[in-house]
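My entries follow in the order in which I made them.

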Amino acid sequence: MCGIVGYVGEKRAQDFLVSGLKRLEYRGYDSAGIVTVSEKNEATLIRAKGKISDLERKLIDNRRDDKIGIGHTRWATHGEPSEANAHPHQAGSLYMVHNGIIENCKELKKTLKGHQFKSDTDSEVLVALIDSFYKDGEYLLVDAVVQALKLVQGTYGIAVVSTKNPDEIVVARSGSPLVIGVGQDETLIASDASALVGHTKRAIYLNDGEVAVIKKNSIEIKTLNAEPVSAKVEEIETNLSAIQKGGYDHFLLKEIMEQPDSLVETLRGRVDVDNGLVHLGGPGLSEKELRGIQHLIIVGCGTAYHAGMLAAYYIEQFTPEITIETVIASEYRYRQAYIPKNSVALIVSQSGETADTLACLREIKKQGVKTIGIVNVIGSTIAREVDGGTYVHAGPEISVASTKAFTSQVIAMVMFGMTIAQAKGVRNTILKPYVDEIAKLPDEIKNVLAGNREKVKEIAGKYKKYDHAIYLGRDTAYPTAMEGALKLKEVSYTDANAYAFGELKHGPLALVDDRFFETAFLPKGMLYEKAISNVQEVLARGGHVIAVTNNAKFDLKVDDTIKIDTQLEIFVPILMNLISQLFAYYVTVAKGYNVDQPRNLAKSVTVE
Ligand code: F6R
C-alpha cells in the first residue's frame, strides 16, 4: 500500500528518497514521485507511473543537491494509476504526500473554489485545503495543517513541505503509520521503519492525532489540540540482512526457507520442555484473569485469519472450558455481535497496521474486552493499542504473500491457549505432547523444506497450466487447505478455493472436471479414513488429485503424492502448509509472474 519517505539534513535528499521508496516497494504500488526544495526556494517535482526504476530514469536529467524533500509510492484508490494522480500533490507553495483516504473529500472540494485541480485524488483536496489556510500568511505551516486536519474525516499519514521555508517538513497521522528517524544532523521520515534501516537505529513512532515539525536537528510534536507531546525514542531492531534477499531469487522463497529460524525466535525463552510448560510475558493477564477466561475471539484478515482458525482447532483440544470464535475483521467490525462476559480478544496481524483489524481492536476495546496482540511488526499501531501482546518475532516479511508469519502466529496463539490452560489447571499430561512437538517443530520444518523442495518444484511445473484448483482438508487440515488456496491464488492467479472435505457433496463436487486439480491434505488421525473416502469420490469423477500426507503407507492411485516424513502427530498441518507455500511459489515462478509483488495487492492494507 502507499508509502511515504522524507528527508531533511545535510545530504542530497533525492538519494534517500529514492532508496527509501525502493525499500517500500514491497508494500505494492503503481506510481511514485518525489519533490525536493532548494535553498533558493525552488521545487523539483518528479513523478512517474509504474516502478521506481521509471522514476529513476526521469531523475537522470533532474539531479539536484537539495537537502530537503518528500517522496511517495501510490497504490491507487481515488483515480487510476497515472502521473497526474501520483504524489506529491501541489497547491500554491505546498507539496504533500498522503497515505489513507479522505472520506469527505467531495464536500471539502466544493469549498476550494480557488484551486485548479489537476488530479482525481482525494489527496490533492487535502493539500489545497491546507494551502487555503497557509497562503494568506496568517498561519505557520504546522498551524495551517492543523486547521485543515480538523475538517477532515478519514485516515491520513501526511508529509508537507513549503517552498517558502525549505528547512522543515510537517507530518501528521491518523490511522496511517509514520515513523520519524532521528539521525546525526538529519531527520528522516517513513511510513514503515524498514526504509530507515541502515540510516539510523533511533525512531519515534507518531501516534494518531499528532502533528510534528521536523527539522534536521529538531523534532517538535504536539496534538491537534496544541498539547505538546514528549517524544519517546525507540530502537529499530531490524538489521539490513533481514530485509535483503540473502542469496535467494525472491523474498518469498527466502521467507519460506527462513521458517526454522523465525519459529525459533517465536519460541525463544517461552518453552520449558522439561516441565511441559510455556511462559508468555507479554499478555499481562493475571492468573485469576487467565482462569476466568470463558470465551476467545480471534480477529484477523487473510492469512492471519487462517492462522486464527487453525489455532482455534488446537486450543479447543486442550482447553475444554472455553468457546472460541475466529472472525474476519472486515465483517466483525460492523456486526452487532454480543461479546460474552469474561472474553479476551486475540488481534492477529503481521503488519500491525491492517485497517479492518485495527478498527475491530478499537470496537472491541470500547466494549471493555481485554485485547491481546499477536503481531509481528514491532512498534506497529496494533501492537501499541492492544492491552497486552505476544510479538511473534518472525522478522520482516517483505514478500506480499505472508508465509513465515503464519507459522509463528499459529504457534504464538497455541502458546497463549496453553497459558490459559495452565492457569485453569489442565493436567500437564495433556499439555506436554503439545510442548514437546512445539519444541521439535523448527527442526521438523527444516527437514520438510529440505526434503520436499525439489519434488514440489517438479510437480508445480506440471500444474502451472491449470486455471482452477480446489484445496481440501478436514479438522486442522481445513484451515491449512484455506491458507494453501489463498497462497496459490494470490501469487499465481490460479482460481483456487478451499472446502472442508465434508462439504464436497453439498455442492463443490459438481466442479470436478478436467480443468481443475484437487490438493488433498491427509494427516493421519481420527478423520483420515473419512478423508480418504472423500478423495475416492473425487477420483471417481475424474479429478486430478495431489495428495499431501504423513502416512508412509499411503498407496491410493492419485496423480501425485507428497509424503511428509515426520515424527510429529499434532502439528502436521503446519508442515503441510509448507508444501502449499512452496507449491504456490514454484507454480508462480513457472508461470513467470512477479512472485513478490502480485498484481493489485499490497503488503499492509491500511485502507478499508
Ligand atoms: C496473504 C496475505 C494477506 C494478509 C492480510 C492481513 O498472503 O498476506 O492475506 O495476511 O492482509 O495482514 P496482516 O497480517 O498484516 O494484518
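I began with H15 and H17, which are roughly parallel to each other (angles under 35 degrees count as roughly parallel, over 145 as roughly antiparallel, 65 to 115 as roughly perpendicular and the rest as oblique). The model is predicted, local features need pLDDT of at least 70, side-chain atom pairs count only at pLDDT 80 or more, and totals for chains, interfaces and linings use all residues. Residues are numbered from 1 along each chain as its sequence is written, and side-chain values use heavy atoms, with hydrogens and water left out.

Entry: H15 and H17.
I noted H15 as residues 477–492 and H17 as residues 572–591, packed at an angle of about 15° with axes 9 Å apart. The axes are lines fitted to C-alpha atoms, for helices over the stretch in contact, and angles run from 0 to 180 degrees between N-to-C directions. Helices (H or I, at least four residues) and strands (E, at least two) are DSSP runs, numbered from the N terminus. H15 passes H17 in a right-handed crossing; a crossing is right-handed if the near helix is turned clockwise from the far one by less than a right angle, and left-handed if anticlockwise.
I then listed the contact, meaning heavy atoms within 4.5 Å. On the H15 side I found Ala477, Thr480, Glu483, Gly484, Lys487, Leu488, Val491 and Ser492. They meet Pro573, Met576, Asn577, Ser580, Gln581, Phe583, Ala584, Val587, Thr588 and Lys591 in H17. By class the contact residues are eight nonpolar, seven polar and three charged (Ala, Val, Leu, Ile, Met, Phe, Trp, Tyr, Cys and Pro count as nonpolar, Asp, Glu, Lys and Arg as charged, and the others, Gly among them, as polar).

Which residues here have a positive phi without being glycine? Asp475 has a phi of about 55°, and Tyr493 has one near 60°. I placed Asp475 in the loop between strand S23 (468–473) and H15, and Tyr493 in the loop between H15 and strand S24 (495–500). Asp475 counts as partly exposed because its relative accessibility is 32% (buried is under 20% relative accessible area, exposed over 50%, partly exposed in between, with a 1.4 Å probe and protein chains only). Tyr493, at 21%, also counts as partly exposed.

Entry: a cis peptide.
I found a cis peptide bond joining His87 and Pro88, with omega about -5°. Pro88 lies in the loop between strand S4 (68–74) and strand S5 (89–91). For reference, most residues other than glycine have a negative phi, and most peptide bonds are trans.

Entry: H4 and H5.
H4 (residues 122–134) and H5 (residues 141–149) have axes that come within 8 Å and cross at roughly 125°. H4 is therefore oblique to H5. I logged their crossing as right-handed. Leu126, Leu129, Ile130, Phe133 and Tyr134 of H4 make the contact with Leu141, Ala144, Val145, Gln147, Ala148 and Leu149 of H5. I sorted these residues into 10 nonpolar, one polar and no charged.

Entry: domains.
The protein is divided into domain 1 (3–243), domain 2 (245–426) and domain 3 (448–594), with bounds from an automatic or database domain assignment. The centres of domain 2 and domain 3, taken over C-alpha atoms, are separated by 26 Å. I recorded 26 residues of domain 2 in contact with 24 residues of domain 3.

Entry: Val605.
Val605 sits in the segment after H17 and counts as partly exposed at 36% relative accessibility. Leaving aside neighbours within four places in sequence, I found Val605 in contact with Met1, Glu353, Thr354 and Ala355.
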